[in-house]
Each structure stands twice: as structure tokens, then as C-alpha cells.
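Hello,

Here is the structure we talked about handing over. Please load it first, then read the notes below.

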Amino acid sequence: MYAKRTQWDLNPNPLSVKLEAFRKEGISYLDLTVSNPTQCRLDFPADEILSCFRQPADLNYEPEPKGMLKARQSVCEFYSARGYSLDPDQMILTASTSEAYSFLFKLLADPGNEILIPTPSYPLFDYLAGLNDVRLRPYQLFYDNHWCLDVQTLRDNITPLTKALILVNPNNPTGSSFSEIEYREMINICKDYQLALISDEVFMDFPFEGESLKSFLAESEVLCFVLGGLSKTLALPQMKLSWIYASGPESFLRESLSRLELIADTYLSVNTPIQNALPKLLALSGPIQSMIQSRISQNRNLIFDFLQRVPEVDYLHAQGGWSAILRIPWGLDEDKFTLTLLDKDEVYVHPGYFFDISGNRSVVLSLLTDVKNMHRGLEILGKRIEGFVESRGK
Ligand SMILES: Cc1ncc(COP(=O)(O)O)c(C=O)c1O
């Protein structure tokens with residue numbers, strides 16, 4: 001009766017089973033994984049945000065497939081303050097970044113075609129690809145004091161069916177961006193194999209102190225689509241607004257834009273009030289991003305203090321984003337460790353395998369976590385690790 005593309009394994013993993021049991025029994029736990037900014041006790045400028053809405057124009061419906069010009073212009077102005085000169089004609093608004101991916105998959109890939117994705121990375125790709133009948137070909141990022149791109153396996157993974165190369169820049173959850181050489185390699189690979197480049201830059205506004213991140217915005221040598229959106233840029237995922245910025249050689253660019261316009265016209269999924277509110281909302285990016293950056297920096301400081309106290313744990317160096325990856329001591333199995341931590345200590349962290357981090361020794365924490373929870377959670381995590389190290393030494 002149902003399409004094969006929806007034949008998912010819906011069995012919950014052991015952590016979800018435990019969390020559900022906690023919920024049913026009313027047991028509270030320390031959640032160090034919350035990445036939904038609206039649930040992290042952040043002090044948003046509520047009145048200013050709400051006053052961006054309630055505009056008389058919200059009662060009109062005059063849909064523009066690529067999104068209302070004023071709204072697209074406001075995104076371009078936002079980037080212009082960051083040194084990019086963008087053309088609103090090359091921008092398409094979508095209801096989410098996930099929807100932006102779907103539009104691009106529809107534009108670039110026929111059923112059975114392949115898209116290159118980084119691994120580790122965030123788990124939604126499997127679903128997005130499956131729902132659009134495209135196949136994923138993962139390419140490896142490996143950790144050697146920092147995250148590096150394995151350029152050779154990336155090239156080896158390309159087949160005549162490959163249509164696009166996705167990068168997540170900075171990546172979730174590794175927080176890694178690219179060196180100048182890797183950046184160049186990506187462009188060369190796309191040129192050599194006629195691939196479109198999709199750069200997911202939703203976390204670009206959140207470099208860590210002393211780090212700089214390089215965007216693919218306005219890339220001109222290859223057909224390139226940069227993704228961004230309010231879910232991270234303003235930490236307002238409930239507003240449901242993202243964008244695709246297309247650039248590249250003129251011949252490809254114009255054709256892509258007309259096709260994307262028709263895809264967007266088929267759904268017209270971006271609502272009018274958010275587009276009317278966008279110029280004012282983006283003007284709040286300064287205070288909102290400072291608030292998020294301050295939370296990230298407090299939590300990173302807590303993690304660095306923790307590493308001093310528990311030297312058996314390593315922090316995997318990252319350049320930006322909302323996550324931190326800790327490598328737990330050799331001999332600990334991340335799967336059992338995260339389950340024990342939840343079951344016995346009521347602390348929830350993500351195991352690395354959720355994101356395809358190899359080695360079975362990683363846990364992933366959200367840097368948006370409430371600072372008190374992070375403090376307490378790290379204390380408990382440290383005790384459990386020290387207990388393990390002691391028993392291993394005996
Ligand atoms: C790297 C990355 N891209 C895209 C998304 C999805 O964003 P949106 O809420 O705009 O669909 C996420 C969600 O966490 C993400 O981590």
C-alpha cells in the first residue's frame with residue numbers, strides 16, 4: 001500500500017525508550033542536548049520581536065514565487081553589512097532549510113542520482129534524500145587534531161550519477177569549516193565533474209573566539225547554492241524562514257533560477273507575515289546573536305574547565321556552531337556510556353553514532369544548554385568517567 005520511500009525503521013533507540021519512560025514517570029533529567037533555542041532559557045528581546053508583526057500588509061496576499069522582493073532585499077542588506085554584495089534576484093526564500101534542500105534536490109537530481117554529503121554530519125540528510133528519491137554518497141571528514149577533508153575519497157566517491165556536492169559550513173556537529181586548500185579543492189572537484197555545490201551555512205554567524213569562517217556566498221566559478229535561515233541566524237526556528245542564494249557562471253545561473261522559481265511557485269510555502277516582518281527582524285540580529293554567542297562562550301568555558309579536571313577526556317577542536325564533541329576515554333563504549341549516564345545519573349548527552357562519528361568514543365553536547373544544567377551535567381559526567389578510569393586502573 002505504501003511507497004518504499006516511507007518504509008522507515010520506526011523502532012525507537014534505547015535512549016528514546018528511556019526518555020519516554022522518564023516522561024511517563026515524571027522523572028526529570030538534565031538535558032545537555034537541547035538545541036531548540038526557544039527551550040534553552042535564553043532572554044530573547046520578546047517585545048521587539050513581537051512588534052515586528054501586526055502589519056496591515058499581512059492581510060494582503062500577493063505571492064511572489066521567489067519570495068517578496070522587500071524580504072529578499074533585507075536578507076541581501078543583512079549580508080551587505082558582512083561585506084557581501086548580493087543580488088536579490090539570485091535569492092529564493094523557503095519555509096526552512098530542509099525545504100531548501102528539497103527544492104535543490106528536485107532541481108538537480110533525477111530519481112537514483114547521487115549527492116555527496118559529509119560524514120559525520122547531521123542526521124536529517126537520510127530522510128531528505130529518501131523523500132526526494134536521491135541517493136547519498138557520504139565522504140569522510142577525519143579528525144587529526146582538527147577536522148580534515150579526505151579529498152581523495154571524495155573524488156573516489158564520484159560516479160556518473162553524482163550531481164551535487166553538499167558541504168555544511170561550519171558542519172554540525174563537528175563545528176568544522178575548511179582550510180584555504182580544501183576550499184579550492186571543492187571548487188576544482190565541482191568544475192572537474194560538473195557538480196553543483198551546496199553550502200549549508202546556517203551556522204556561519206557563530207564562529208568561536210579567534211576563528212574565522214569562509215563562506216561560499218557569491219562563488220562565481222561553479223554553480224553554487226548557499227543556504228541560510230532564521231532558525232540559526234536569529235535563533236528563531238519557529239518563524240520558518242530560510243533562503244537559498246544562487247551564484248555561478250551566468251548560463252547555469254539563469255536557468256537554475258527560472259527552474260527554482262517554478263519549484264517555489266508550486267508550493268508558495270513562505271507565509272506573508274514573516275516576509276513583512278523580515279527587515280525589522282533582521283535588524284535584531286545584533287542583540288540576538290550576542291546573546292547566543294555569550295551562551296556558547298560560557299558553556300565552552302565550562303567545558304574547558306572540565307577538561308582540566310578530567311584530563312582523560314578530549315575536546316575535538318571546532319571552529320564554530322552550536323555543538324561540542326567530547327572524546328571519552330579508551331575502553332568506554334559511547335553507546336553504553338550514554339545509556340548509563342541517562343539511566344543512573346539522569347543526564348542526557350548524544351552518542352557520536354547519532355551523527356556517524358566513528359570510533360564509538362564520542363559524546364555530543366549542545367552549547368545552547370542552560371549554563372546551570374551544563375555545569376551540573378559536566379560534574380556528573382566527570383564523576384562517572386573518573387569512576388570508570390579508577391576501576392580500569394585496578
Ligand atoms: C546544518 C543544518 N542545516 C539545516 C538545518 C535545518 O534547519 P531548518 O530549521 O531551517 O530546516 C539544521 C537543523 O538543525 C542543521 O543543523
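**Ligand shell**

The shell around the ligand is made up of four nonpolar residues, seven polar ones and one charged. Keep in mind that this is a predicted model. The residues around the ligand are S96, T97, S98, Y122, V168, N172, D200, V202, G229, S231, P237 and S242.

**Nonpolar core**

The largest nonpolar core has 107 residues. Which of them touch the most other members? They are L104, A164, L197 and I244. Helix α4, residues 97-108, gives the most to this core: seven residues. Where does the core sit relative to domain 1 and domain 2? Domain 1 (8-44 + 286-393) and domain 2 (61-283) both contribute residues, so the core lies between them.

A164 is worth a look on screen. Setting aside neighbours within four places in sequence, A164 is in contact with L108, A109, I115, L116, L195, A196 and I198.

**Four-stranded sheet**

There is also an open sheet of four strands. Its order is β10-β11-β14-β13, and the pairing is antiparallel. The edges are β10 (314-315) and β13 (350-351). Each has a single partner strand, so one side of each is left without a neighbour in the sheet.

Strands β11 (residues 323-327) and β14 (residues 362-366) pair in the antiparallel sense over five bridges. Which residue in β14 is the bridge partner of L326? That is V363.

Best wishes

Conventions: Residues are numbered from 1 along each chain as its sequence is written. This is a predicted model: local features need pLDDT of at least 70, side-chain atom pairs count only at pLDDT 80 or more; totals for chains, interfaces and linings use all residues. A residue is near a molecule or strand if its C-beta atom, placed from the backbone, lies within 6 Å of it. Ala, Val, Leu, Ile, Met, Phe, Trp, Tyr, Cys and Pro count as nonpolar, Asp, Glu, Lys and Arg as charged, and the others, Gly among them, as polar. A nonpolar core is a set of buried Ala, Val, Leu, Ile, Met, Phe, Trp, Tyr and Cys residues joined through C-beta atoms within 7 Å. A residue is buried if 20 or more other C-beta atoms lie within 10 Å of its own, exposed if 12 or fewer, and partly exposed in between; C-beta atoms are placed from the backbone. Helices (H or I, at least four residues) and strands (E, at least two) are DSSP runs, numbered from the N terminus. Domain bounds come from an automatic or database domain assignment. Two residues are in contact if their C-beta atoms, placed from the backbone, lie within 7 Å. Two strands pair if DSSP finds at least two bridges between them.
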